[in-house]
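Here is a short report for a reader meeting this structure for the first time.

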Amino acid sequence: GSAGPSSWDCSSLTQAGWASSGVAIARTSFEQVNDGTPVALAGARSGDLVFIAGSDGTATNPGHVGMVAGRVGAAIYLVSAPHAGAVVQLTAAGQWASLVVSVRRIG
């Protein structure tokens, strides 16, 4: 994967986001899913990590992670790097809802 600053993979982006606030989290999505405490997607807030199995993971070892960027009304939005070298994206969490295997609150 890519670890920035000009190219990111999903977990390095979330790791860098938390590092900018002085909080250390694991490097990979497989490890980050164990950081923090579990919360429901409906109650997610900015900074929470949202995991899906992705193309290289499973429900217990998710291969993709995004971070809650915020809400607009009731809609939750995630920021994520779809794969190394791709443009970072803002996505409605509803597009991931049926795929979510874990949501973790850091800090």
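## Ground rules

Contact here means heavy atoms within 4.5 Å. The model is predicted, so local features need pLDDT of at least 70, side-chain atom pairs count only at pLDDT 80 or more, and totals for chains, interfaces and linings use all residues. Residues are numbered from 1 along each chain as its sequence is written, and side-chain values use heavy atoms, with hydrogens and water left out.

## Overall build

The protein has 2 helices and 6 strands. Helices (H or I, at least four residues) and strands (E, at least two) are DSSP runs, numbered from the N terminus. Read from the N terminus, the order is α-α-β-β-β-β-β-β. The radius of gyration is 12 Å, close to the 13 Å that the globule rule gives for 107 residues, so the protein is as compact as a globular protein of that length. That radius is taken over C-alpha atoms, and the rule is 2.2 Å times the number of residues to the power 0.38.

The C-alpha trace spans about 30 × 30 × 25 Å along its principal axes. Of the 107 residues, 39% are buried. Buried means under 20% relative accessible area, exposed over 50%, and partly exposed in between (1.4 Å probe, protein chains only). Among contacts with a separation of 6 or more, 53% come from residues 24 or more positions apart. The protein exposes about 5400 Å², and carbon and sulfur atoms supply 56% of it. Accessible areas come from the Shrake-Rupley method with a 1.4 Å probe; for residues, only the protein chains shown count as cover.

## The sheet

The 6 strands form an open sheet in the order β1-β6-β2-β3-β4-β5, with antiparallel pairing. β1 (37-38) and β5 (89-92) stand at the edges, each with a single partner strand, so one side of each is left without a neighbour in the sheet. Two strands pair if DSSP finds at least two bridges between them.

Now follow the pairs across. β1 and β6 (residues 100-105) are joined by 2 bridges. Thr-37 has Arg-105 in β6 as its bridge partner. β2 and β6 pair over 4 bridges, and here Val-50 stands opposite Val-103. Another 4 bridges join β2 to β3. In that pair, Val-50 faces Gly-66 in β3.

## The β3-β4 hairpin

Strand β3 (residues 64-72) runs antiparallel to strand β4 (residues 75-80), and 5 bridges join them. The two form a hairpin with 2 residues between them. In its turn, Gly-73 has a positive phi of about 65°. Two opposite pairs can be picked out: Gly-70 with Tyr-77, and Arg-71 with Ile-76.

## Helix α1

Helix α1 (residues 10-19) packs on the sheet, touching β2 (49-52), β3 and β4. Its direction makes about 50° with that of β3. Axes are lines fitted to C-alpha atoms, for helices over the stretch in contact, and angles run from 0 to 180 degrees between N-to-C directions.

Which residues of α1 are buried? They are Cys-10, Ser-11, Ser-12, Leu-13, Thr-14 and Trp-18. These residues pack against α2 (29-32), β2, β3 and β4. Ala-16 also lies in α1. Ala-16 is partly exposed, with a relative accessible area of 27%.

## The cores

In soluble globular proteins, nonpolar side chains tend to be buried together. A nonpolar core is a set of buried Ala, Val, Leu, Ile, Met, Phe, Trp, Tyr and Cys residues joined through side-chain atoms within 4.5 Å. The largest one has 10 residues: Leu-41, Ala-44, Val-50, Ile-52, Val-68, Ile-76, Leu-78, Ala-93, Trp-96 and Val-103. β2 and β4 are the elements that give two or more residues to this core. A second, separate core has 9 residues, including Val-33, Leu-49, Phe-51 and Val-65.

Leaving aside neighbours within four places in sequence, Ala-44 is in contact with Val-68, Arg-71, Ile-76, Val-103 and Arg-105.

Is Thr-91 buried or exposed? Thr-91 is buried, with a relative accessible area of 9%. This residue lies in strand β5. Beyond its neighbours within four places in sequence, Thr-91 is in contact with Ile-76, Tyr-77, Leu-78 and Trp-96.
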